[in-house]
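Me: I'd like to learn how to read a fold like this one, feature by feature. Could you walk me through it?

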Amino acid sequence: MQDTVREDEILLEVRNVSLSFGGVKALEDISFDIRKGEVRAIIGPNGAGKSSMLNVINGFYHPQEGEIWFDGKLRHRMKPHQVAKLGIARTFQNIALFKGMSTLDNLMTGRYTRMHANLFAQMAWVGPAQREEIEHRQKVEEIIDFLKIQSIRKTPVGKLPYGMQKRVELGRALAAESKLLLLDEPMAGMNLEEKEDMCRFVLDVNEQFGTTIALIEHDMGVVMDISNRVVVLDYGKKLADGSPDEVRSNEEVIDAYLGVSHD
Amino acid sequence: MTPDFLNTIEVILNGLMAGVMYSLVALGFVLIFKASGIFNYAQGVMALFAALTLVGFQTGQIPFAHLVNEIFGTQIHHWGPGMNNLIAILLTILVMVLFAWLVEKLVLKHLVNQEPIILFMATIGLAFFMEGVGDLMWGADLKTLDVGIPSGGSFWWEDVTRTWVSEGYEYYGMYIDLLDVWAAGIAVLLVTVLTLFSQYTKTGRALRAVADDHQAALTVGISLRSIWVIVWSIAGIVALVAGIMWGSKSGVQFSLSLIALKALPVLILGGFTSIPGAIVGGLIIGVGEKLFEFSIGPLVGGATENWFAYVLALFFLMFRPQGLFGERIIERV
């Protein structure tokens, strides 16, 4: 995984971001960056602000202060669907799939930003619209092969078991072929075998497609194995930032996780 | 076959045809409800407004003529002899799309994340507003609408069915209105096109995606607002089709907006979120009320068609509140 990282190229940079809901501060003056081609983990105990951070990057929340730089440009206030067009895809902790639609349709919807036929061509099902549909269908089939979900192609995803839904959601995010992939607790609630599968997929995506990945995890062990660099949040503040080894030996991080109090 | 048996078949057939007309109205409701969770009370008025606009274009009426005459003391009514049916229909579609865009811009945009009841109230307001605008634009007089769809009884069908009766009986054949047959054909075509569109195109999938999960739709790059404009446009076009059919049948009059009320029991039967449900619900209500009127009607003094559908819906609510095809309502506690 190491050789895909380009040390000097930064894909996303968060500068002094603060976010609060009324009087509650969810994030306080957070800064970190994500380099092209790396697997970056954001970890922290419950309520540390990990998901809020992802929602800020994704455009669901708008920070009161701070800047977000993406691909070398300052990103202005954007709505989630605009962020998606920019090349950021994501998954959710509690799975947000189109439950009534088949696996195939979910993945096809993932390619929404890459399809450009106009409404009239689509309605008449002519030329460009038809070609496009076939072309993108091929890409989606490749992803289905990659994730080994051929057997559930036509199944409505609402009927799938939890682990499979997580995999389909990853597939939908992959289908966008985005520059940055945000994964919100991809291994949450999985058994050991499913976790190992998911780790494998995350690493394969990173290696084979060179996709930059930022993931949130609860489980320290998993994260340390698969990520290049780790940023640690606690109570909305940044505790540590560095390689897994550095973070593991950081006093403050150990305290935050074990709940030691300083008197 | 005995004449009694043939009469029953005739009643069922006519019921199916009437049901198609109900389904057409219900379809517009389902489209909007699925995509945005709004029960659009204005759907019936949209059908009326579309029909009024179509007649206006056809006959070359000047919009707001009465208002202009009142203010400036002029005497203008028509700008010319009118126009071709096809052009008039295309122009009306354009007006309905513009209307959809305005609704999004002026109403929905400002009510994002509000309770469903608030959006419902907004559509009631919209209904009254549109009824007023329709009146002001095109006048409140009863208009006839004719876009060249054949109407009246089918002699061919009468002749064919006359031969079905067993010997020794006297029978005059079945009556079926050609307009109803056309309406059924057009409804089938409309539903087929809508289904194919939503299955095999990017925008169709986006429509289903938005109906399924707003948050997920946003993350894959779908703009909710543009989808809403598209949904309301499609609902506007469906309203136009319903307006043409009902208008051709009974003239374009303001009571047309009340067909929305007839769509309610259809939706309760079929489920608010299902397109096939709207069709089947409409057919059940159509056949049900005609058969009831035919068999029980004479015993209770007739006019059962006025209330039968609502009683049936009430009965359904007790046993299957989500409708025949609706998503099951599961409330987590």
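Reply: Helices (H or I, at least four residues) and strands (E, at least two) are DSSP runs, numbered from the N terminus. With that, chain A has an open sheet of 4 strands in the order S2-S1-S4-S5, with antiparallel pairing. Before we go on, this is a predicted model, where local features need pLDDT of at least 70 and side-chain atom pairs count only at pLDDT 80 or more, while totals for chains, interfaces and linings use all residues. Residues are numbered from 1 along each chain as its sequence is written, and chains are lettered from A and ligands numbered from 1 in the order in which they are written.

Me: Which are the edge strands of that sheet?

Reply: An edge strand pairs on one side only, and here that applies to strand S2 (24–35) and strand S5 (73–75) of chain A. Inside the sheet, strand S1 (residues 10–21) of chain A runs antiparallel to S2(A), joined by 8 bridges. One facing pair is Leu19(A) opposite Leu27(A) in S2(A). S1(A) and S2(A) also form a hairpin with 2 residues between them, and Gly22(A) in the turn has a positive phi of about 60 degrees.

Me: What does S1(A) do with S4(A)?

Reply: S1(A) pairs in the antiparallel sense with strand S4 (residues 65–70) of chain A over 5 bridges. There, Arg15(A) stands opposite Glu67(A) in S4(A).

Me: How do I read the turn between neighbouring strands?

Reply: Axes are lines fitted to C-alpha atoms, for helices over the stretch in contact, and angles run from 0 to 180 degrees between N-to-C directions. In the S2-S1-S4-S5 sheet of chain A, neighbouring strands are turned by 25 degrees against each other on average, direction ignored.

Me: What order do the strands take in the sheet with mixed pairing?

Reply: That open sheet has 6 strands in the order S6-S7-S8-S3-S9-S10 (chain A). Its edge strands are strand S6 (88–90) and strand S10 (237–242) of chain A, and its neighbouring strands are turned by 20 degrees on average, direction ignored. Strand S7 (residues 180–184) and strand S8 (residues 212–217) of chain A pair in the parallel sense over 5 bridges, with Thr212(A) in S8(A) as the bridge partner of Leu180(A). H7(A) lies across strand S3 (39–43) and S8 of chain A, at about 160 degrees to S8(A).

Me: How is chain A divided into domains?

Reply: Domain bounds come from an automatic or database domain assignment. Here they give domain 1 (1–87 + 178–263) and domain 2 (102–177), whose C-alpha centres lie 27 Å apart. For contacts, the C-beta atoms of two residues, placed from the backbone, must lie within 7 Å. By that test, 11 residues of domain 1 of chain A touch 10 residues of domain 2 of chain A. On the domain 1 side, H7(A) gives the most, with 4 residues.

Me: And how many residues does each chain bring to the contact between chains A and B?

Reply: Chain A brings 27 residues and chain B 19. Helices H2, H3 (103–110), H4 (119–124) and H5 (127–147) of chain A each supply at least two residues of the side that touches chain B.

Me: How do I check the length and the bend of a helix?

Reply: The expected span is 1.5 Å times one less than the number of residues. So the 34 residues of helix H1 (residues 3–36) of chain B should span 50 Å, and its end C-alpha atoms are 49 Å apart, which agrees. A bend at a residue is the angle between axes fitted to the seven residues ending there and the seven starting there. H1(B) bends by about 25 degrees at Val25(B). Gly37(B), with a positive phi near 70 degrees, follows H1(B).

Notes:
Two strands pair if DSSP finds at least two bridges between them.
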